[in-house]
Amino acid sequence: MMSFATGFTPLQPKPLESILDLDRAKNKSPEELADIWDDYHLGRGHIGVSMKAKLYHLLEQRTADWKRMPHMLFTGLEDYKARGTQAAPYFTATYYKEFADSKDMVLIRGDVVFTSKLSDAEAKWLLETAQSFYLNDVRYKLVECFKNKHVNLSSKTFCARDASIVIQARIFILELDAGYR
């Protein structure tokens with residue numbers, strides 16, 4: 001049986017105005033808005049984080065081949081092996097650029113689709129780690145290598161293709177040792 005997070009409709013990002021009162025948010029500092037965003041999402045089967053607009057633009061540039069930003073999908077290795085790009089997402093992330101110019105920030109909402117497969121904390125770590133492969137120049141070279149050569153990657157590495165980030169471990173983060181965090 002599929003167990004979706006409360007209030008989540010798979011693969012349909014919510015408009016920001018349905019989550020946040022944009023008029024009230026305009027009067028908040030970036031720090032206050034980030035705190036409100038993070039606090040709102042705690043314990044709801046969702047995560048809320050933010051990033052500087054400059055970092056988002058780098059992420060957007062490096063994922064331009066996908067033509068699917070501002071939405072990312074995360075799935076399990078076994079599902080990806082069995083179904084490829086048709087694998088069910090375990091977690092999705094939506095990037096909201098509404099405050100990029102005015103507050104130099106992009107809000108990110110992560111929706112845990114299968115709460116039985118992934119906790120909020122694991123989803124947050126997964127998002128941060130996946131983003132690091134696009135925002136860190138050394139790690140990005142690994143992504144480029146895979147994208148350009150379709151290299152088979154060994155265990156405990158990441159690959160990105162068709163808007164899916166696949167973790168090469170039996171079950172997401174659970175088997176990764178503390179050294180990878």
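## Side-chain contacts and core packing in a predicted model

Arginine 62 lies over the face of tyrosine 140, 4.3 Å from the ring centre. A second contact of this kind involves arginine 139, whose charged end sits over the ring of phenylalanine 133 at 4.7 Å from its centre. Phenylalanine 133 is one of the buried residues of α6. The model described here is predicted.

Strand β4 (105-112) is largely enclosed by the rest of the structure, because 8 of its 8 residues are buried. In a regular strand, side chains alternate between the two faces of the sheet. Both faces of β4 are covered: one side carries Met105, Leu107, Arg109 and Asp111, the other Val106, Ile108, Gly110 and Val112, and all are buried.

Two strands pair with β4. Strand β1 runs antiparallel to β4 and is joined to it by 7 bridges; within this pairing, methionine 51 has valine 106 as its bridge partner. Strand β3 also pairs with β4 in the antiparallel sense, over 6 bridges, and here alanine 93 stands opposite glycine 110.

### Nonpolar cores

The largest nonpolar core has 25 residues, of which Met51, Phe74, Phe91, Ala93, Tyr95, Ile108 and Leu127 touch the most other members. Two or more residues each come from β1 (46-52), α3, β2 (71-75), β3, β4 (105-112), α6 and α7 (137-149). Helix α6 gives the largest share, 7 residues. Apart from this core lies another, of 11 residues, with Leu20, Leu33, Ala34 and Trp37 among them.

Which residues of α6 are buried? They are Glu122, Ala123, Trp125, Leu126, Leu127, Thr129, Ala130, Gln131, Ser132, Phe133 and Tyr134. The geometry of helix α6 (residues 120-135) agrees with expectation: at 1.5 Å a residue its 16 residues should span 22 Å, and its end C-alpha atoms are 22 Å apart.

### Salt bridges

How many salt bridges does the structure hold? The count is 6.

| Aspartate 23 | Lysine 26 | 3.8 Å |

Aspartate 23 counts as exposed at 55% relative accessibility, and lysine 26 counts as exposed at 52%. Glutamate 60 is partly exposed, with a relative accessible area of 27%, and lysine 97 is partly exposed at 38%.

### Aromatic pairs

The structure contains 5 aromatic pairs. In one of them, the rings of phenylalanine 74 and phenylalanine 91 have their centres 4.9 Å apart and their planes at 40°, so the pair is tilted. This pair links distant parts of the chain, with phenylalanine 74 in strand β2 and phenylalanine 91 in strand β3, 17 residues apart. Both phenylalanine 74 and phenylalanine 91 are buried.

Tyrosine 90 and phenylalanine 114 form an edge-to-face pair, at 5.8 Å centre to centre and 85° between the planes. Tyrosine 90 lies in the loop between α4 (77-83) and β3, and phenylalanine 114 in the loop between β4 and α6, so the pair ties together parts that are 24 residues apart in sequence. Tyrosine 90 counts as buried at 7% relative accessibility, and phenylalanine 114 counts as buried at 9%.

### The loop between β4 and α6

Lysine 117 also lies in the loop between β4 and α6. Lysine 117 is partly exposed, with a relative accessible area of 35%. The C-alpha atoms of lysine 117 and threonine 75 are separated by 10.0 Å, although these residues are 42 residues apart along the chain.

Definitions and conventions:
Residues numbered from 1 in each chain as written. Predicted model: local features only at pLDDT ≥ 70, side-chain atom pairs only at ≥ 80, totals over all residues. Heavy atoms only, no water. Salt bridge = Lys/Arg side-chain N within 4 Å of Asp/Glu carboxyl O. Buried < 20%, exposed > 50% of the residue type's maximum accessible area, 1.4 Å probe, protein only. Helix = DSSP H or I, 4+ residues; strand = E, 2+ residues; numbered from the N terminus. Expected span 1.5 Å × (residues − 1). Core = buried A, V, L, I, M, F, W, Y, C linked by side-chain atoms within 4.5 Å. Pairing = 2+ DSSP bridges. Phe/Tyr/Trp six-rings, centres within 6.5 Å; stacked < 30°, edge-to-face > 60°. Lys NZ or Arg CZ within 6 Å of the ring centre and 35° of its normal.
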